[in-house]
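Student: I have a model open and would like to go through it with you. Where do we start?

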Amino acid sequence: MTSTRRRPLLLALAGGTAAVAGIGTAARTGLIGGDDGGADPLRLSAGDMGVESLTLPLDDQVLVEGGPAASGPAARRSTGKLATTTYSMIGFTWTRGDVEPVLELSVRRGSTWEPWTRAPAPHESPDPGADGVGSTVGSDLVWVGPTDGVRVRVVGERPADLALVLLHPTPLPGDEAALDDTDDSEVQALGRTTTTAAAAAKAVPRPNIRNRKAWGANENLRDKPPSYITTIHQVHVHHTVNSNSYAAADVPALIRGMYAYHTQSLGWSDIGYNFLVDRFGRIWMGRAGGAAKNVRGAHTLGFNHNSLGISVIGNFDQAKPTDAVIAAIARVAAWKLDKYGRDPLGQATVVSEGSDKFRSGRTVKLPVIDGHRDTNSTSCPGSNLYAVLPAIRRKTKNRIDNFRDRETAVAITAPFTASGRVVFGKKIVVRPGTWTPAEATPTYTWLRDGKPIGGARGSDYNVRRGDVGSRISVRVDVAAAGAATASQTVSWPSPGRADVDLTVRASGRKGRALVTVVATSAALASGHPAGEVVVNVAGRKVTMRLREGRAEQLVRDLPPGTHQVRAVFQATPRAAKAAATDTVRVKPLD
């Protein structure tokens with residue numbers, strides 16, 4: 001799918017192109033956004049992954065002259081003040097050509113319009129002819145935070161099909177789960193115990209990486225399979241020019257907004273970056289194709305063919321990167337560069353495939369870990385992040401050296417084992433195994449359906465209400481200084497269950513007994529388990545099915561006398577086995 005086929009997907013109004021032309025007329029006549037009140041707002045429409053969107057062509061109907069000249073480099077044309085429904089991200093697109101517009105924007109905060117700021121120029125893009133890219137060019141996507149007004153000014157020449165893109169990524173129900181420590185490796189099979197040690201004690205291990213599912217990627221938006229490169233010579237560091245004050249739970253939506261812009265507005269096959277790092281130091285998988293593989297990205301024009309791109313979510317012309325951010329970049333860089341023996345403190349000799357700074361075919365010597373501005377005419381990755389690149393290089397080098405110097409690996413000589421039943425309110429325990437060297441120390445990460453459970457770090461665990469119906473396991477990491485860590489996953493064979501309170505009452509008849517069973521469980525939302533109860537009276541067995549936690553049945557053909565009545569609730573995937581007894585006196589038949 002080319003960019004010209006993708007871009008109309010973002011037109012938000014039901015009337016399509018005609019409706020957008022109507023918007024332009026309204027803007028020109030002042031009916032939309034001509035003042036700060038009373039205007040019908042431009043409406044973003046709902047889209048995939050909770051990303052609302054609107055594309056507005058900035059044609060002659062929308063832009064009006066606002067400068068001293070009608071044409072040439074001094075000309076200024078503006079939209080005026082446009083009221084919108086809520087949006088939080090702004091981008092601009094146009095067709096590749098000789099004209100690269102100078103764009104300025106201002107947003108409304110409450111009733112106040114902020115000063116004009118320059119929109120970033122386009123530099124993060126696929127190489128010409130690569131990635132299935134068409135002729136569409138786009139600016140960096142700017143995060144402005146939730147707002148409901150925008151004005152745009154074009155200085156100098158304007159591309160004929162210049163368009164404003166407004167996006168508003170909203171939270172999805174699964175975003176909270178992304179706060180757990182997850183990576184994109186396959187979850188080990190449950191119901192068995194597996195043990196792994198580092199395959200190569202001297203290799204830098206893969207860092208913890210949240211997968212695409214964690215940030216809610218809609219894989220249907222990718223129109224081409226990933227492509228791969230043969231080696232990694234460089235790591236290019238970027239920033240996304242987004243907010244610096246987002247919360248941890250906002251990150252999945254922020255990445256979804258970038259993904260929608262790259263694929264739906266610019267016509268790329270996927271999000272451009274290989275990896276993203278948030279301000280909390282968490283690593284997210286960007287482009288599809290396998291985090292451990294050499295996936296060709298679309299992040300550094302002219303240099304995507306032998307590198308990977310890491311982008312930090314934030315604006316680092318405004319903020320300084322935290323230690324957590326620096327460490328996260330170093331973890332990814334060390335993992336990738338170590339495979340090919342690259343020196344993070346050294347330089348790489350590479351051939352440009354064509355950028356605005358280095359012509360195609362030119363041989364260039366660049367740092368192995370560089371900033372985007374080293375390869376393209378841009379301020380990316382921001383002055384503050386660029387300033388700490390030497391520290392990132394040193395940290396990456398130290399991490400590689402630490403693992404190369406290791407001579408031993410921890411070994412688990414007898415496995416850890418599971419003890420206890422996974423029943424709400426009960427305690428389950430990991431019984432210790434044995435390991436070498438003796439000074440190594442185990443740590444525990446409890447998992448619910450393969451995902452870490454917040455705060456669960458000891459060798460025992462109290463089963464929680466949220467565990468009912470889920471598989472519980474624990475990852476044991478045994479670590480020692482100067483040795484590769486050994487890991488084992490211990491799993492419980494049955495899912496978490498709720499305790500059941502069972503009562504049985506029986507009243508005697510002539511040769512019969514009326515048996516009533518009631519089952520309750522405080523751990524289940526309904527308060528009652530569903531399933532079957534087997535009742536035994538004087539050797540007569542009957543099976544009763546619970547309905548809303550209750551069952552009643554007449555047991556026939558009983559001998560006279562006093563008998564024990566025993567009821568057993570049969571365990572289900574959500575409720576544990578339970579039993580109760582009563583006595584009943586059966587009268588003889590006349």
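Tutor: Helices (H or I, at least four residues) and strands (E, at least two) are DSSP runs, numbered from the N terminus. This is a predicted model: local features need pLDDT of at least 70, side-chain atom pairs count only at pLDDT 80 or more, and totals for chains, interfaces and linings use all residues. Residues are numbered from 1 along each chain as its sequence is written, and side-chain values use heavy atoms, with hydrogens and water left out.

Student: What span is expected for α4 at 1.5 Å a residue?

Tutor: Helix α4 covers residues 251-265, 15 residues in total. The expected span is 1.5 Å times one less than the number of residues. From first C-alpha to last, α4 reaches 20 Å, close to the expected 21 Å.

Student: How many residues of α4 are buried?

Tutor: Buried means under 20% relative accessible area, exposed over 50%, partly exposed in between (1.4 Å probe, protein chains only). Helix α4 is mostly covered. The count is 15 of 15.

Student: What is the average pLDDT of the protein?

Tutor: pLDDT is the predictor's confidence in each residue, from 0 to 100. At least 70 is scored by 84% of the residues. The protein's average is 84.

Student: How many salt bridges are in the whole structure?

Tutor: A salt bridge is a side-chain nitrogen of Lys or Arg within 4 Å of a carboxyl oxygen of Asp or Glu. One of them joins Asp 278 and Arg 282 at 2.6 Å, N to O, and both residues are buried. The search of the whole structure finds 18.

Student: Which residue pairs with Asp 60 in a salt bridge, and how many residues apart are the two in sequence?

Tutor: The partner is Arg 77, at 3.1 Å, N to O. Asp 60 lies in the loop between β1 (51-57) and β2 (64-65), and Arg 77 in strand β3 (residues 76-78), so the pair ties together parts of the chain. Arg 77 is buried, at 16% relative accessibility. So the partner is Arg 77, and the separation is 17 residues.

Student: Is Glu 114 buried or partly exposed?

Tutor: Glu 114 forms a salt bridge with Arg 109, closest N and O atoms 2.8 Å apart. Arg 109 has a relative accessible area of 33% and is partly exposed. At 30%, Glu 114 counts as partly exposed.
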